[in-house]
Amino acid sequence: MNVLGLSAFFHESACCLLQDGRLVAAAEEERFSRVKHDPRLPVSAFRFCLQAGGLGITDLEAVAYYESPLKKLSRQLWAGIPEGASPDLPWLDPGAPERAIREGLGWEGPILFFDHHLSHAASAFLLSDLPEAAVLTVDGVGEWATTSYGRGRGAEVELFEEVDFPHSLGLLYATLTSYLGFEVNDGEYKVMGLAPYGEPRYLDQMRRLVSPGPEGQYRLDLDYFDFVRGRRMYSDALPRLFGEPPRRPEAEITRFHQDVARSLQAVLEEILLAKALWLHERTGLPDLCMAGGVALNVVANGRILREGPFERLFVQPAAGDSGGCLGAAALAHAQLTGKRPEPLRHVYLGPRWSADEIAGLLAATGIQAHDFRGREADLLEAVVDRLTSGQVVGWFHGPLELGPRALGGRSLLADPRDPGMRDRLNRLVKKREAFRPFAPSVLASHAAAHFDLDHPSPYMLETCRVISPLDLPAVTHVDGSARPQTVDPGMSPRYAALLEAFHRRTGCPLLVNTSFNVRGEPIVASPVDALSCMGVSGIDAVVLEDFLIDRAMLPAHWADLLPAWRERSRSGFARGQSAISEDLYTFV
Ligand SMILES: [Fe+2]
């Protein structure tokens, strides 16, 4: 039974393959197209999934799509035509996704459509290892639902209450993200990272924007918002409420912006905690599964687990819309077989390159490299040499990760004890806002000695207090928290071995782990992407499987070639896409 899951045409399109209930491949289209948050039909991810499964298109039993275009149409019609929208409105065509799948992918078999929040819910519960659990999904908007509550048991997921558009915690967060001068659907992480610098001085104003209702409900005061029919997220009343004009992108961040971010985060957590409490009472179940873009708010997740009523929390690691394809595929599998798919074991589900393929690439491009084939221990020692001398190392090993976090497949690594490392990483490669902390990877067996954490956190989906006897300035946030990845040798053998080698040398079983990309670009997928990233940034060394390339080994002319290479790659992928109007990607 081969089922292909698909999410597309909103933001972050993706594809996955379930073979006999086992998730064997999954990837976001942006990693192939190199267009960040690429919402287009995921043609490249689709080809990859078929190839990874050793399948031709006729070997598929069904394609499962992550939302209902017809239900979405009813919300789009209710909201009316956004100002400035194209007059021929191709986005009001509920047949467009099916046509794209037929014409763009060449699929002639059955397409099963599942509601957006049911797909989110299934992506969390059906892929968890919990026999039964409460389910909470929270995002900007799906068809109508923006928050949904339910329970899962065996191969079934039932949603029993929802909050409908335009009342939306995701859109509340997005609106304040926009007011604070960051990009919607991208800058929400930055607002969360900014919050600990501020004080919650604007709680009264924030509670006028959103107020809790009975049971699972809450409401936005729409006087302050303009996203239903306007072209902005907020109305003029919102800056008046806070007494300050909106921050211009890249403008200075002041105490005011920090305080607004802190107040927003506090009110989001307050509502989520209250609703988690209600869901717990309603279901009587001890465990909770979560998905939807708001489930990527790792600070709120940490509080739900510590202060909420549930004993265990499983957040599906690709909780945003890219992971909707997992839920759609899981629902299709359950519908077609009556069985539940196997639990998610890891997210190393994307393309990989063998050491021999990389050797071929290096030979063809004339790039010198240290060859450690058959000598893994020597490779790890060579990497530790570089890390302990303050270098930033690009680490490319095994399959690409699904979801927003790099987890040791495509990561940039550095020494977390180095007080200058945060600035150095930002200067050399990340170029991101100085206030944002980096996250650590820690050997799972040592995690409890360094973090206030009593369970594994393999996907970096919650924050906790740093209690380490070591000074870890590069990974500790201003409020003394961190967002650790616990690394288990069973899940990531080579990455765990590297952490062990670093621990043996330094007494520190942790590394800085940030995603392998430059600002504004998706995480690298291929060896060429990794070398390109090295070329356009200041990364000191890159490991490509068994090869180590120091910066000095990169030919001087390489950097000059890269912009043209990247442009060629981008336009090549664009030609392969179905010609669906860009207007379809707008959410209203
Ligand atoms: Fe969603």
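Begin by selecting helix H5, residues 116–125, in this predicted model. Nine of its 10 residues are buried, so the helix is largely enclosed by the rest of the structure. Display the side chains of His 116, His 117, Ser 119, His 120, Ala 121, Ala 122, Ser 123, Ala 124 and Phe 125, which are the buried positions of H5.

Turn next to the salt bridges, of which the count comes to 31. Select Arg 31 and Glu 30, whose side chains meet in a salt bridge at 2.9 Å, N to O. Both residues, Arg 31 and Glu 30, are buried.

Proceed to Asp 259 and Arg 201, where the side chains form a salt bridge with an N to O distance of 2.8 Å. This pair links distant parts of the chain, 58 residues apart: Asp 259 lies in helix H10 (residues 255–283), and Arg 201 in the loop between helix H7 (188–194) and helix H8 (203–209). With a relative accessible area of 3%, below the 20% limit, Asp 259 is buried.

Now select Arg 373 and Asp 371, a salt bridge in which the closest N and O atoms are 2.8 Å apart.

Conclude with Glu 381, Asp 385, Arg 504 and Arg 505, which salt bridges with shared partners join into one network.

Technical notes:
Residues are numbered from 1 along each chain as its sequence is written. This is a predicted model: local features need pLDDT of at least 70, side-chain atom pairs count only at pLDDT 80 or more; totals for chains, interfaces and linings use all residues. Side-chain values use heavy atoms; hydrogens and water are left out. Buried means under 20% relative accessible area, exposed over 50%, partly exposed in between (1.4 Å probe, protein chains only). Helices (H or I, at least four residues) and strands (E, at least two) are DSSP runs, numbered from the N terminus. A salt bridge is a side-chain nitrogen of Lys or Arg within 4 Å of a carboxyl oxygen of Asp or Glu.
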